[in-house]
Amino acid sequence: MSQFEYPRPQLVRDAWQSLNGEWEFAFDHEQRFSHPGDPIDWSARIVVPFAPEAKASGIGDESFHMACWYRRTFELAARGARTMLHFGAVDYHARVWVNGVLVAEHEGGHTPFHADITDALAEGRAQTIIVHVEDDPGDLAKPRGKQDWQLEPHSIWYPRTTGIWQTVWLETLPATYIGSLRWTPVFDGFEMGCEVLAGGDIRDNLAVSVRLLHNGVLLAADRYLLVGRAANRKIVLSDPGIDDSRNDLLWSPERPTLLDAELTLYCGDEVLDTVRSYTALRSVAINRDRFMLNGRPYPLRLVLDQGYWPDTLMTAPSDEALRRDVELAKEMGFNGVRKHQKIEDPRYLYWADRLGLLVWEEMPSAYAFSPRAMTRLIKEWTEAIERDYSHPCVIVWVPFNESWGVPNLTSTQAHRNAVEALYHMTRMLDATRPVIGNDGWEASATDILGIHDYDADPEKVQQRYAVTDPVRTLFDQRRPGGRILTLDGFPHRGQPIVLTEFGGIAFDPNAPAHHTWGYSRVGDADTYLARYRALLKVVNETIMFSGFCYTQFADTFQETNGLLNADRSPKVPLAQISAATRNVPE
């Protein structure tokens with residue numbers, strides 16, 4: 001990715017520098033080294049931010065890797081009072097040195113971290129950064145998502161990702177700066193919550209000015225004093241009261257209206273820091289058995305998206321590739337995606353915000369239950385929610401999927417406690433979005449009941465869900481996927497029911513059947529499209545469902561049940577897919 005794609009799109013400064021590109025590199029399979037001064041063989045080269053398993057990294061080694069090292073020198077493009085070093089994501093446990101000084105340590109493969117490296121910088125010479133990463137490929141007690149623990153990818157599991165896989169970058173800051181920014185839309189009052197925290201040297205008489213604009217028209221210009229290091233205020237916008245006028249300011253997939261923001265930090269009349277941001281006015285909620293967007297029932301048409309590419313794995317090949325994925329989902333008739341077992345790059349969320357695509361965000365699973373596994377998961381999930389809270393496209397949080405990591409929900413109280421705890425913790429961290437405690441089956445604490453059902457027969461699907469008494473016939477008597485839908489003590493309370501996984505039709509005319517995987521298989525494009533049309537017609541017309549999520553967006557390695565090939569070329573014309581998705585004539 002080029003340095004012109006700002007990696008943190010909701011808190012933008014002009015003074016920054018990308019460190020993507022060629023680094024020195026070394027595997028450390030025997031974990032012989034623990035310090036930069038050790039005799040590491042730096043003869044290999046890697047292209048950051050691509051993982052060593054990815055072909056685009058220049059290495060392309062998909063075998064097991066216990067640990068690795070990175071090194072590069074760099075010249076500072078600019079110096080300020082402070083210099084911050086940022087990592088978008090490093091899988092899994094990272095330690096970072098600058099000029100021999102340990103500046104950061106972070107555990108968690110999907111969330112960002114940073115370090116103030118000002119005091120470690122050398123005068124009059126190039127700077128050296130060294131990163132050590134430990135990532136045990138057999139550790140099932142860490143959040144790892146779809147990364148396979150077997151040597152060769154099998155079934156629905158994919159190649160591993162070791163080390164740096166998102167952008168590394170530098171930022172020049174003043175001594176006192178805007179450290180974080182959080183937006184909270186309040187639809188009922190036509191208000192925008194704005195929370196600003198200052199970082200660095202906290203001074204007396206700090207204030208922040210906030211300007212909100214829509215298409216260049218000023219909506220608000222306020223100035224707030226900071227108490228300590230924080231200012232937390234609501235900005236009241238002019239509410240026209242009637243939908244036709246309200247819709248000009250509301251965000252939705254059909255009209256993704258963003259509000260531009262300019263924030264300036266002052267000490268008295270002295271300007272200390274300036275950042276650019278954006279937000280949107282929208283609400284998501286549950287009302288009885290329907291999902292609500294901006295106060296109105298909104299049918300969800302989602303597609304399951306793994307977020308992998310053939311040559312770059314979990315890292316997108318470019319910013320344009322992220323944008324194109326958002327565009328393709330919309331062109332296929334979907335209004336949202338369920339990002340599956342992955343905390344996606346913020347640049348994807350930026351394009352979903354800007355182009356209008358709903359996103360369900362799901363925590364990558366750990367698989368071996370233990371207090372340590374849950375502690376790791378809670379830490380990383382908390383960081384993910386903090387990172388993505390302000391993105392209007394994110395509408396649902398999903399901490400668990402299909403009982404992964406909590407396999408004994410029907411019999412083990414500790415597993416049930418984990419799901420209930422994560423549900424309530426997520427609702428505590430963000431009271432503005434629905435939460436699905438465990439998606440697919442064995443639901444307990446949840447705002448939406450997600451069902452996974454890969455029956456390939458449209459008639460059977462229609463019969464299963466066209467019931468007059470779902471509480472008795474569906475939840476008590478039938479078990480899609482062979483699992484009970486709700487745990488004892490947690491009967492269906494009228495929450496929206498969403499078919500959150502179905503379909504999974506494998507079709508790849510260029511690969512032998514034994515090299516592909518899917519939930520069902522067809523051999524030609526006409527049959528493929530006919531099966532998709534029939535399934536989508538049933539699901540769209542089933543009154544019980546307030547939405548659906550089709551499996552899946554694109555082929556992912558051996559899993560060939562995507563609507564698109566792995567290179568994002570369509571298997572059948574996009575217009576035909578879109579018509580079937582929306583259940584309308586072509």
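Let me start with the side chain of Glu 362, which in this predicted model makes a polar contact of 3.0 Å with the side chain of His 340. A polar contact also joins the side chain of Glu 362 to that of Arg 338, and here the distance is 2.9 Å.

Is Glu 362 buried or exposed? Its relative accessible area is 0%, and because buried means under 20%, Glu 362 counts as buried. As for what surrounds Glu 362, if we leave aside residues up to four places away in sequence, Glu 362 touches Arg 338, Lys 339, His 340, Gln 341, Lys 342 and Ile 343, and also Trp 381, Val 398 and Asn 401.

Now I would like to turn to the largest pocket, which holds about 960 Å³ of space. Its lining is made up of 39 residues, and those that lie nearest the centre of the pocket are Arg 8, Pro 112, His 114, Gly 179 and Arg 387. When we sort the lining by class, we find 16 nonpolar, eleven polar and twelve charged residues.

Which element gives the largest share of that lining? The answer is β13, with six residues. Several elements each supply at least two residues of the lining, among them the strands β5 (82-87), β9 (113-116), β12 (168-173) and β14 (191-200), together with the helices α3 (346-355) and α4 (371-388).

Technical notes. Residues are numbered from 1 along each chain as its sequence is written. This is a predicted model: local features need pLDDT of at least 70, side-chain atom pairs count only at pLDDT 80 or more; totals for chains, interfaces and linings use all residues. Side-chain values use heavy atoms; hydrogens and water are left out. On a 1 Å grid over the protein atoms alone, a cavity is a set of points where a 1.4 Å probe fits but cannot get out, and a pocket is an open set with protein on both sides within 12 Å along at least five of seven lines; lining residues have an atom within 4 Å of a point. Grid points are joined across faces, edges and corners, and a volume is the space filled by probe spheres set on the points. Helices (H or I, at least four residues) and strands (E, at least two) are DSSP runs, numbered from the N terminus. Ala, Val, Leu, Ile, Met, Phe, Trp, Tyr, Cys and Pro count as nonpolar, Asp, Glu, Lys and Arg as charged, and the others, Gly among them, as polar. Buried means under 20% relative accessible area, exposed over 50%, partly exposed in between (1.4 Å probe, protein chains only). A polar contact is a pair of N or O atoms within 3.5 Å; within protein, one must be able to donate a hydrogen and the other to accept it, and residues adjacent in sequence count only if both atoms are side-chain atoms. Contact means heavy atoms within 4.5 Å.
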